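Welcome! Please take a moment to look over the sequence and the fold shown here, and then we will walk through them together.

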Amino acid sequence: MKIRNIEKLDRQQWDPLWQAYLVFYETSLPDQTTDLTWNRFFDSSHVFTGFVAEEDGKILGFAHAMLRQSTWEEVGELYLEDLYTLPEARGKGVGRALIDHVKEEAIAMGAGCMYWQTKAGNETARYLYDSITKNNDYVQYMIKL
């Protein structure tokens with residue numbers, strides 16, 4: 001398995017994973033928003049970046065991240081916004097490898113930290129996350145607009 005930057009040719013394999021990720025989080029997005037997200041990975045004027053885990057030409061998972069400016073950090077903080085692996089790839093180190101890769105990217109950028117979030121009930125993911133770092137005990141609040 002290798003972790004690499006997402007490429008335009010990955011769209012056909014990325015789409016079903018993206019849709020499964022949205023279903024997991026009990027949401028959907030208009031095709032226009034998905035297209036916009038996809039195109040931002042390849043637009044140097046945006047702060048989005050994407051990575052895939054690939055084995056034998058098959059994409060097993062993805063990670064999407066963005067550099068967020070911060071009043072606390074000189075360069076900013078890297079936010080790991082989306083992380084998803086195929087169900088059959090879980091427990092095989094794919095998620096950890098993607099997180100490690102994003103962490104290396106954050107270090108290379110000079111980011112002060114890397115962070116992410118998940119639903120409190122996402123026990124499978126939290127088992128992995130708890131093995132990587134401690135929960136920082138912050139509570140998120142959100143107003144949908």
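This is a predicted model: local features need pLDDT of at least 70, side-chain atom pairs count only at pLDDT 80 or more; totals for chains, interfaces and linings use all residues.

## A pair of facing residues

Strand S2 covers residues 48-55 and strand S3 covers residues 58-68. The two run antiparallel, and 8 bridges join them.

## The sheet as a whole

S2 and S3 belong to an open sheet of 5 strands, arranged in the order S1-S2-S3-S4-S5 with mixed pairing. At its edges you will find strand S1 (2-5) and strand S5 (113-115), each of which pairs on one side only. From one strand to the next, the twist averages 25°.

## A helix across the strands

Helix H1, made of residues 11-24, lies across S3 and strand S4 (77-85). Relative to S3, helix H1 runs at about 70°.

## The two sides of H4

Which residues of helix H4 (residues 123-132) are buried? They are Ala125, Leu128 and Tyr129. Viewed down the axis of H4, these buried residues fall within an arc of 95°, so they line one face of the helix.

What do the buried residues of H4 pack against? Their partners are S4 and helix H3 (94-109). On the face of H4 turned away from its buried side, you can find the exposed residues Glu123 and Tyr127.

Conventions: Residues are numbered from 1 along each chain as its sequence is written. Side-chain values use heavy atoms; hydrogens and water are left out. Two strands pair if DSSP finds at least two bridges between them. Helices (H or I, at least four residues) and strands (E, at least two) are DSSP runs, numbered from the N terminus. Axes are lines fitted to C-alpha atoms, for helices over the stretch in contact, and angles run from 0 to 180 degrees between N-to-C directions. Contact means heavy atoms within 4.5 Å. Buried means under 20% relative accessible area, exposed over 50%, partly exposed in between (1.4 Å probe, protein chains only). The arc is that of the directions from the helix axis to the C-beta atoms.
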